[in-house]
Amino acid sequence: MVLGELALILLCVALSHVASLPLLLLKLPPIPAYIAVGILLRSTLSDTSGIVWENLVSFSLVFVGLHAGLSSKIRRDNIKRIALVSLVNVSVSAATVYTLLVLLTGDLIKSFLMSILLANTATEGVLSLSRYTKHKSDAEVALEISIGDDIAVLLLSAVVLALMGTQQTYGILVSAAVIAGVTTFLSVFLRKNVDRAILNTVSIAILFILVALTADNIGPLVGGYIVGISLSSAASSGDPLLKVARNVEALVDGLEHVNSLVFLPLVFTYIGLGVSISGASTQLVWLGLLGAVIGKHAATLLLKKMNLVTPLSVREVAALITVRGSLESAIALTALKSNLFTAEEFTALIIISLLTYPISTALVTLSRRSVSKAFQVLT
């Protein structure tokens with residue numbers, strides 16, 4: 001029996017869920033399993049470029065952005081400090097990667113875009129690895145850094161992709177206007193004492209408007225992210241009666257269930273289908289990975305020296321924020337579909353992101369052991 005494209009997509013998503021079970025049992029993010037399934041399926045599927053796949057992924061990108069935004073719990077009284085921390089961290093991390101990549105490729109613009117993406121930190125990865133740390137305060141510092149990274153990397157990437165010509169000027173302006181308009185409306189709406197059913201309806205309508213009016217570019221990803229931040233911020237606001245906060249939290253829980261069960265496995269399995277291990281540049285992978293690891297350690301040291309963060313163990317915090325995740329992979333997919341990345345460059349970036357999970361875990365383990373030995377010596 002020859003399966004139709006939609007049936008094949010559903011089976012691929014189901015297989016991704018099955019493959020993610022070991023990671024879920026270990027309480028680790030399942031996204032690497034989704035990508036790995038896509039990589040394995042690439043060798044068995046005759047055609048992975050169907051229009052249904054592409055349309056579903058374009059639609060689902062808004063929910064990938066939403067997932068990242070919902071993970072960003074930023075207190076309003078802490079915005080300025082987080083912005084400064086993320087600026088320093090992303091700048092130092094990106095500069096480290098850029099220096100190595102530009103020496104290898106000689107391409108200033110592509111190296112710049114790749115360095116921005118590899119300067120990110122996976123918030124979901126930090127949350128998962130935090131339970132392995134020696135000091136809870138270090139996990140909180142790493143989480144704070146990762147939240148700011150997401151915002152900086154997403155906005156910088158959107159600007160760079162626009163300048164590189166991924167869309168026409170009017171498309172950029174329309175996307176920006178739509179995102180600004182719906183975000184303003186949602187922010188005002190969330191301040192009202194709204195009914196839960198009305199809140200759910202309005203929020204979903206806004207998400208679908210973003211998909212419809214910003215499709216075929218990075219707009220859905222950015223728009224979904226900003227909506228996610230707005231909802232997350234409202235859930236942690238100082239509502240004295242907590243009615244709005246409770247309603248928002250119920251909506252967030254529902255959206256995250258749909259995200260984790262449908263949209264995330266669909267998008268990241270598709271990303272894996274675009275990865276050709278045999279066509280990857282070994283030099284590009286190892287230099288990018290080296291820069292990604294060294295950059296985070298250098299950034300953490302500088303942040304501590306500037307008294308922007310106060311980690312008990314620089315190595316532990318640097319190890320946590322070394323992990324990459326979903327956001328940069330989704331942006332890289334947009335760059336690939338816009339012919340700004342070659343298949344080789346896209347593959348290298350995804351492989352680097354996947355490798356940061358075991359590397360970050362190993363670094364956290366080594367850091368914890370070194371801290372324990374140091375404590376034993378002192379006592």
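Which side chain does the side chain of T121 make a polar contact with? The partner is the side chain of K296, at 3.2 Å. Here a polar contact is a pair of N or O atoms within 3.5 Å; within protein, one must be able to donate a hydrogen and the other to accept it, and residues adjacent in sequence count only if both atoms are side-chain atoms.

## Ground rules

This is a predicted model, where local features need pLDDT of at least 70 and side-chain atom pairs count only at pLDDT 80 or more, while totals for chains, interfaces and linings use all residues. Residues are numbered from 1 along each chain as its sequence is written, and side-chain values use heavy atoms, with hydrogens and water left out.

T121 sits in the loop between helix 5 and helix 6; helices here are DSSP runs of H or I, at least four residues, numbered from the N terminus. T121 counts as buried because its relative accessibility is 0% (buried means under 20% relative accessible area, with a 1.4 Å probe and protein chains only).

N89 belongs to helix 4, residues 79-105. N89 is buried too, since its relative accessibility is 0%. Its side chain pairs up with that of D149 in a polar contact of 2.8 Å. Setting aside neighbours within four places in sequence, N89 is in contact (heavy atoms within 4.5 Å) with residues including T121, D149, K296 and I321.

## Helix 5

Helix 5 covers residues 108-117 and is mostly covered itself, with seven of its ten residues buried. Among them are K110, S111 and M114. At the start of this helix, a side-chain oxygen of D107 comes to within 3.2 Å of the backbone nitrogen of I109.

## The second largest pocket

Now for the second largest pocket, with a volume of about 470 Å³. A pocket, on a 1 Å grid over the protein atoms alone, is an open set of points where a 1.4 Å probe fits, with protein on both sides within 12 Å along at least five of seven lines; lining residues have an atom within 4 Å of a point. The volume is the space filled by probe spheres set on the points, which are joined across faces, edges and corners.

There are 17 lining residues, and P29, P30, H67, E256 and S260 lie nearest the centre. Helix 1 (5-25), helix 2 (31-42), helix 6 (123-129) and helix 11 (243-273) each give two or more residues to this lining, and helix 11 has the largest share, four residues.

How values were computed. Buried means under 20% relative accessible area, exposed over 50%, partly exposed in between (1.4 Å probe, protein chains only).
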